[in-house]
Amino acid sequence: MTWEKKYRLGILWQDFQHEQLINHIETMANAKEKGMEKIEFYETMHFLERYIKEHFALEAQYMKQHNYPKMLEHLKEHKIFIDDYRQFKSNCIYEDAKSPKELMMKLSKWVMKHIMKIDKELADFLIEKKTI
Ligand SMILES: [Fe+2]
Ligand SMILES: [Fe+2]
């Protein structure tokens, strides 16, 4: 679940944000073992949601700006993820020892799959368009 070089797509802002995302998901997955306080736990959950939304918004901005042909498909994936995250969030309870870990495992799987396919296609497109 940790960040690896293979997730680097060649776009600086995108790679930086993906690394941050994965690191925060990992922190949450180990929150209980590391003795994270309740308040910090919920703050990190909120932070993660905000960060994901900002990241998706930035990708959307680049897609629009450069008339990315697969934009609709990409945005649809983001929307599904946001909806899922909201639902997961309401089921993710600090007192429950298992749920945060299960949730974060699910999220990280989705994020990594998304980075390696959908985001990679976007990154290749942006690199080819010489947007960076
Ligand atoms: Fe992304
Ligand atoms: Fe994306």
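**View 1. The chain holds four helices and zero strands.** Helices here are DSSP runs of H or I with at least four residues, strands are runs of E with at least two, and both are numbered from the N terminus. Along the sequence the pattern reads α-α-α-α. With a radius of gyration of 15 Å, close to the 14 Å that the globule rule gives for 132 residues, the chain is as compact as a globular protein of that length; the radius is taken over C-alpha atoms, and the rule is 2.2 Å times the number of residues to the power 0.38. This is a predicted model, in which local features need pLDDT of at least 70 and side-chain atom pairs count only at pLDDT 80 or more, whereas totals for chains, interfaces and linings use all residues. Residues are numbered from 1 along each chain as its sequence is written, and chains are lettered from A and ligands numbered from 1 in the order in which they are written.

**View 2. Helix α3 (residues 71-91) packs with helix α4 (residues 99-128).** The angle is about 170 degrees and the axes lie 11 Å apart, with axes fitted to C-alpha atoms over the stretch in contact and angles running from 0 to 180 degrees between N-to-C directions. The two helices are therefore roughly antiparallel to each other, a term for angles over 145 degrees.

**View 3. Residues at the contact of α3 with α4.** From α3, H74, E77, F81, F88 and N91 meet S99, L103, W110, H114, I118 and L122 of α4, a contact being C-beta atoms, placed from the backbone, within 7 Å.

Conventions. Parallel < 35°, antiparallel > 145°, perpendicular 65-115°, else oblique. Contact = placed C-beta atoms within 7 Å.
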